[in-house]
Amino acid sequence: MCTDCGCGPSGHHHHHPAAELSPGRVVRIEEDLLAKNNRLAAGNRRLFQEKGLLVYNLVSSPGSGKTTLLERTLSDLQHEWNFAVLEGDQQTSNDAERIAATGVPAVQINTGSGCHLDAHMVGHGMENFAGLPLDILMIENVGNLVCPASFDLGEDAKIALLSVTEGEDKPLKYPDMFKAADILLLTKIDLLPYLRFDIEKCKAFARQVNPQVRIFELSCQNGAGLSSWYDWLRQEVAAKRRAASMTGVNG
Amino acid sequence: MHELGLTQHLVKIAEDAARQNGATQVRSVKVEIGALAGVVPESVEFCFEACSRGTLLEGSRLEIIFIPGRGRCYDCHAECALDTYTVACPACGGFSLERLQGEELRVVEVEVD
């Protein structure tokens, strides 16, 4: 006989969780697993707002050209604005050294075995730039098309890079990341003549996952498409400054 | 890939809640994972045993409630299943879909002694 309700073995069946044990106490938690990261990201976002700082989170697979894009962009634009760069990699400070060679302050964050940057790392990374007048912070995330999609760092936007030496169907294979990014940069387009990469198909795949995505095609080797990318950055800086002046924050 | 870190965090949230409520052992923990949360439930299960070792959750049961994704088309307002970001609206073929459900990643409750 069932000790819970007295029903016999041939009687009706109903569900007794862990019937052989008395039930334990249930403690409601209802806590989002990303809540801590999201709280810290909100704190970062407030700090960036106070500084009037425009912040981008660069995401892509390894080797798509994030550091090269930064080197080229910083070299060309650092006379217009004050940049800083946070470099995320599992190991080495190679990328921060490459950025520092352009004259822009750069800090390396090593995630060890970690596969992404989180808001906590970025908050501490920012301490290295305290007191510096900055306009744009570029955060180069760990090369990984999966995990960085889930972690808000407090940025204005994620910028995804996809090099044309990769498959044109990457947006379909890694939709979370291409959904999370507002901007898509198709890089290394100087190599297109040597590849069977259908760039129109790639753009259609990206828009399938993210209809609002803004796409730029560029090459840091021959400079193709860079002026459109720079013009877009100029518009974004101007928009940020307008917004900051309207809310009374010094830009 | 980041499921290991998330599972460690899940164990910590559950253990903190258990301790705050004077518990000496956790029997089970209930977690909601949405289809669009970017987390593989099987990986969380795989990591859970290792992450719970030496904590109040050691030997406890992990109950994962999988939440399917739902979307609404911005163009024709039809609602549909949305378990990946590559689906089109079944009514009009549009790709602009609002996420209604499926991004959950939440520790719901623990059963404790």
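**Notebook: where chains A and B meet**

I started at one side-chain pair: Arg28(A) and Glu109(B) form a salt bridge, with N to O at 2.4 Å. I'm noting here that this is a predicted model.

Next I asked how many salt bridges the rule finds across the interface of chain B and chain A. It finds two. I also looked up polar contacts there, and got 12 residue pairs, both residues being at pLDDT 80 or more.

Which elements of chain B give two or more residues to the side that touches chain A? My list reads α1 (3-20), β5 and β6 (105-112). β6(B) gives the most, eight residues. I sorted that side of chain B by residue type and wrote down 16 nonpolar, seven polar and six charged.

Then I checked the totals. I have 29 residues of chain B in contact with 30 of chain A. The area buried between the two chains is about 2800 Å², and carbon and sulfur atoms give 61% of it.

Back to β6(B): I see it paired with strand β1 (residues 25-32) of chain A, antiparallel, over six bridges. In this pairing I find Asp32(A) opposite Arg106(B).

Last, I looked at a sheet within chain B. Three strands make an open, antiparallel sheet in the order β4-β3-β5. β4 (79-81) and β5 (97-101) of chain B each have a single partner strand, so one side of each has no neighbour in the sheet. I noted an average twist of 35° from one strand to the next. Strand β3 (residues 70-73) of chain B pairs with β5(B) over four bridges, and Cys73(B) sits opposite Leu97(B).

Key
Residues are numbered from 1 along each chain as its sequence is written. Chains are lettered from A and ligands numbered from 1 in the order in which they are written. This is a predicted model: local features need pLDDT of at least 70, side-chain atom pairs count only at pLDDT 80 or more; totals for chains, interfaces and linings use all residues. Side-chain values use heavy atoms; hydrogens and water are left out. Two strands pair if DSSP finds at least two bridges between them. Axes are lines fitted to C-alpha atoms, for helices over the stretch in contact, and angles run from 0 to 180 degrees between N-to-C directions. Contact means heavy atoms within 4.5 Å. Buried area is the accessible area (1.4 Å probe) that two parts lose on being put together, summed over both. A salt bridge is a side-chain nitrogen of Lys or Arg within 4 Å of a carboxyl oxygen of Asp or Glu. A polar contact is a pair of N or O atoms within 3.5 Å; within protein, one must be able to donate a hydrogen and the other to accept it, and residues adjacent in sequence count only if both atoms are side-chain atoms. Ala, Val, Leu, Ile, Met, Phe, Trp, Tyr, Cys and Pro count as nonpolar, Asp, Glu, Lys and Arg as charged, and the others, Gly among them, as polar.
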